[in-house]
Amino acid sequence: VCRYCGTGCGVMVGVKDGKVVAVKGDELNPVNKGLLCVKGYTLPGILYGKDRLRRPLIRKGGEFVETGWDEALDLIAIRFKEALKDKGPNSIAMYGSGQWTITDGYVATKFMRAGIGSNNLDPNARLCMASAVAGYMSQFGSDEPMGCYDDLDYADTFFIWGANMAECHPVLFSRIQNRVTKGKNIKVIELATQMTRTTSIAHKYLEFKPQTDLAIANAIAHVIIKEGLYDKDFVKENVVFKKGKENPGYGLEDRFKFEDEPAEIRFDEYKKFLDKYTPEYVSKTSGVKEKDIIEASRIFGDPKKKTVSLWTMGVNQHSRGTWMNNLIMNLHLLTGKISTPGNGPFSLTGQPSACGTIREVGCLSNRLPADMVVTNPEHRKIAAKIWNCPVERIPDKPGFHTMEMFKAMDRGELKVLWIQCTNPFQSLPNLSRYRKAAKDGKAFIVVSDVYPNRTTELADVILPSAMWVEKTGMYGNSERRTQHWFKMAEPPGKAKPDWWQIVEVGKRLGLGHLFDYKGDFDKEVFEEYRRFTIGTGKDMASYDEYVNSRGLRWPVNNGKETKWRYNREYDTYVIPHTPPLTSPSSPPSKGGEGEVVKGGKWGIINFYKAKGGKAVVWQRPYEPPAEVTDEEYPFYLSTGRVLEQWHTGTMTGRIPELRKSAPEAVVNMNPADAQDLGIKTGERVRVISRRGEMVFKVDINGRTTPQRGTLFVPFFDENKLVNLLCLDSYCPISKEPDYKKCAVKIRPVNKEVVL
Ligand SMILES: Nc1nc2c(c(=O)[nH]1)N[C@H]1C(S)=C(S)[C@@H](COP(=O)(O)OP(=O)(O)OC[C@H]3O[C@@H](n4cnc5c(=O)[nH]c(N)nc54)[C@H](O)[C@@H]3O)O[C@H]1N2
Ligand SMILES: Nc1nc2c(c(=O)[nH]1)N[C@H]1C(S)=C(S)[C@@H](COP(=O)(O)OP(=O)(O)OC[C@H]3O[C@@H](n4cnc5c(=O)[nH]c(N)nc54)[C@H](O)[C@@H]3O)O[C@H]1N2
Ligand code: SF4
Ligand SMILES: [Mo]
């Protein structure tokens with residue numbers, strides 16, 4: 001499996017003399033059918049950067065000194081013991097990653113909850129997928145998409161809600177591109193704040209003001225209901241309506257707390273709420289033309305067309321990210337376009353195992369494996385039984401979520417913080433606060449990584465990790481596909497897998513019994529994890545089934561994977577005697593390109609993980625961003641990615657071909673704004689927010705063209721930390737920060753005037 005994105009492409013790896021020397025796309029893997037993107041093609045290089053970390057390092061008098069594993073691990077164990085003795089398990093935290101393998105994540109969650117007795121385990125996926133998690137859970141009672149990549153082959157209409165698939169999910173993008181060029185009447189509707197390469201395939205491009213996607217999604221629901229385009233029978237059979245608390249805040253305060261107060265409402269009440277969201281009103285709020293909103297609504301609601309929605313960080317990194325997820329899924333529930341081939345709300349996952357490791361294994365601060373939560377006494381009992389620990393060991397309160405974890409460090413509440421497989425002191429928002437807290441030595445910081453970076457520089461101990469095919473592993477991708485690979489090369493120097501490091505510290509803390517597996521470690525760990533999943537609708541197959549396949553999509557029952565959950569034709573959890581729809585008013589569901597889909601009708605849908613088998617349509621209003629532009633800070637700054645670089649650039653930055661094509665972060669600007677300000681491509685400007693500033697070269701009419709009044713900067717450049725400028729507001733429900741909007745001003749570096 002590719003090391004990078006949540007697409008989960010299959011890779012053939014060529015090894016010579018113990019070194020990975022070649023890769024090619026796996027033609028038999030149904031995910032990518034032999035294709036890779038430029039990052040995939042250059043994968044071997046990530047293992048062999050000159051400055052790969054090879055030995056543990058301990059900070060001694062301001063310098064990092066090489067040492068052996070014993071000294072490093074003993075020191076970490078001493079700090080853990082001191083923290084436990086002085087301030088208890090809550091003073092210890094672990095910050096993990098959606099790039100962890102399933103083994104790593106499972107060992108980490110067991111170590112923290114059943115060993116240390118703390119739920120202070122949260123991952124970088126909090127910055128990424130938490131809003132989608134909260135969305136799916138609040139509507140279906142079960143996380144992750146109901147559909148799969150096959151939907152891309154069957155859909156007639158693609159709604160892309162502010163995701164730059166061309167650069168961030170290139171292989172899936174090419175699958176859609178293929179449909180557009182070869183298919184008949186395939187439509188791509190892109191709703192976004194800026195033009196990117198993705199826009200090249202859009203038949204309609206709706207450019208909205210940042211955050212106003214909330215209003216647009218409500219307007220589409222408004223038109224769909226007003227014009228009778230919703231599926232009355234589907235709604236009657238499968239949906240309930242709810243509303244929550246409005247004005248929940250923006251998470252800017254320390255110890256911010258928010259409890260939603262869901263209340264069931266009637267369809268009429270929901271309809272009344274939508275009255276306000278007329279295309280005319282929303283056009284004023286969003287800047288999208290009234291007729292475009294109406295046209296998009298009609299396309300979405302067309303009962304003869306199959307529709308897939310796709311989204312990533314534009315929707316999730318949003319101070320109302322959970323709401324925005326809810327609003328997209330509402331549209332699929334209202335029209336019944338869900339859980340059938342070519343129909344469904346499909347959230348694209350960023351990291352290679354944010355699904356497999358973080359969401360499924362349960363590495364978020366409130367979670368246990370298989371969608372269980374620490375706040376449920378029954379769930380804790382199940383976990384304690386499998387983990388063979390006293391049930392009281394697993395705390396009944398969620399631990400620190402990511403933002404609160406780093407705030408707690410700043411407040412001096414954390415004694416020990418162990419960071420693995422993530423680079424927070426480059427990737428967190430409002431970075432200066434958290435970098436300063438780390439520099440001030442408020443906590444003892446352990447960092448496991450493969451290269452020196454902006455986080456290792458602030459560590460007390462650096463541990464060298466084995467990466468990708470230097471260890472056996474499993475990843476779970478966007479479409480619920482779990483894939484396995486075997487170790488193929490030795491790690492350099494003394495580098496060791498992340499899970500090994502945790503187990504070794506565990507042994508030194510008297511927790512060796514938790515990891516006392518007799519046989520093949522990866523296999524035994526997986527089989528133990530699998531016990532959590534059986535019978536829950538999240539069923540994993542056996543380890544050997546993954547070894548012998550190119551991945552399987554859960555739930556897997558008797559070796560059979562599930563392509564469309566909640567649909568009786570495909571999902572064995574929908575019991576045969578589920579009552580059929582009274583009158584399936586929707587059209588036969590035909591496959592793409594004339595292929596007839598099994599079932600030949602909507603099929604029988606049952607959202608069996610939701611209360612009463614019914615999914616929730618949520619009433620969620622438009623509310624403005626946490627920080628709005630004003631005279632002093634007239635531009636919205638949005639941040640994200642470029643094709644050739646992965647996140648903080650630690651891996652891709654070590655591959656010459658990639659580094660050369662995207663050597664430094666630039667600020668993308670709208671040509672009209674640049675003209676007004678007399679700025680040209682290549683000139684340098686200082687971008688200033690209330691929290692920090694940074695100088696960037698300007699790029700006009702480059703790959704990304706932001707709308708007027710907005711700027712875009714990628715965050716890969718370790719020498720130009722754009723995250724110093726970002727605001728750390730977050731969605732009150734998912735706790736995911738909004739990296740996509742804060743207010744800034746710009747000042748040409750060679751001129752003195754503030755613009
Ligand atoms: N090359 C490459 N690929 C990657 C990654 C990488 O680092 N490099 N990282 C992976 C990961 S972990 C992730 S999370 C994904 C991210 O994948 P994406 O989310 O696709 O990419 P970003 O660049 O983060 O976000 C850019 C998008 O945000 C949208 N946006 C901005 N403001 C708003 C708003 O208010 N509302 C809405 N709806 N949209 C808005 C813009 O329109 C733009 O399309 O990429 C994955 N793939
Ligand atoms: N401004 C801005 N900031 C953002 C975002 C944004 O859109 N804008 N997006 C957010 C999102 S969606 C994400 S997912 C995060 C990603 O943010 P991070 O997770 O901080 O970024 P990565 O560069 O992926 O960091 C992974 C680290 O793990 C190391 N590594 C690689 N393999 C291994 C291994 O096997 N073991 C160990 N121990 N280490 C390994 C790499 O060298 C690297 O340092 O960034 C978030 N931050
Ligand atoms: S699309 Fe994603 S998974 Fe596929 S090769 Fe590119 S980075 Fe790897
Ligand atoms: Mo992400």
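The lining of the second largest pocket comprises 11 nonpolar, seven polar and two charged residues; here Ala, Val, Leu, Ile, Met, Phe, Trp, Tyr, Cys and Pro count as nonpolar, Asp, Glu, Lys and Arg as charged, and the others, Gly among them, as polar. A pocket is an open set of points, on a 1 Å grid over the protein atoms alone, where a 1.4 Å probe fits, with protein on both sides within 12 Å along at least five of seven lines, and lining residues have an atom within 4 Å of a point. The model is predicted, local features needing pLDDT of at least 70 and side-chain atom pairs pLDDT 80 or more, whereas totals for chains, interfaces and linings use all residues. Residues are numbered from 1 along each chain as its sequence is written, chains are lettered from A and ligands numbered from 1 in the order in which they are written, and side-chain values use heavy atoms, with hydrogens and water left out.

The volume of this second largest pocket is about 430 Å³, taken as the space filled by probe spheres set on grid points joined across faces, edges and corners. Among its 20 lining residues, Val1, Val11, Asp26, His484 and Trp485 are the closest to the centre. Two or more lining residues come from each of strand S1 (11–16), strand S19 (481–485) and helix H22 (543–547); helices (H or I, at least four residues) and strands (E, at least two) are DSSP runs, numbered from the N terminus.

The shell around ligand 3 (residues with a heavy atom within 4 Å) includes Cys2, Cys5, Cys9 and Cys37. Helix H1 (38–41) and helix H7 (170–182) each contribute at least two residues to this shell.

The largest nonpolar core contains 125 residues; such a core is a set of buried Ala, Val, Leu, Ile, Met, Phe, Trp, Tyr and Cys residues joined through side-chain atoms within 4.5 Å. Buried denotes under 20% relative accessible area, exposed over 50%, and partly exposed in between (1.4 Å probe, protein chains only). Helix H8 (residues 213–226) provides the largest share of this core, nine residues. A second, separate core of 55 residues includes Tyr434 and Phe715.

Helix H20 (residues 498–508) is largely enclosed by the rest of the structure, because nine of its 11 residues are buried. Gly510, which follows H20, has a positive phi near 75 degrees.

The peptide bond from Trp554 to Pro555 is cis, with omega near -10 degrees. Tyr566, in the loop between S20 and S21, has a positive phi near 70 degrees.
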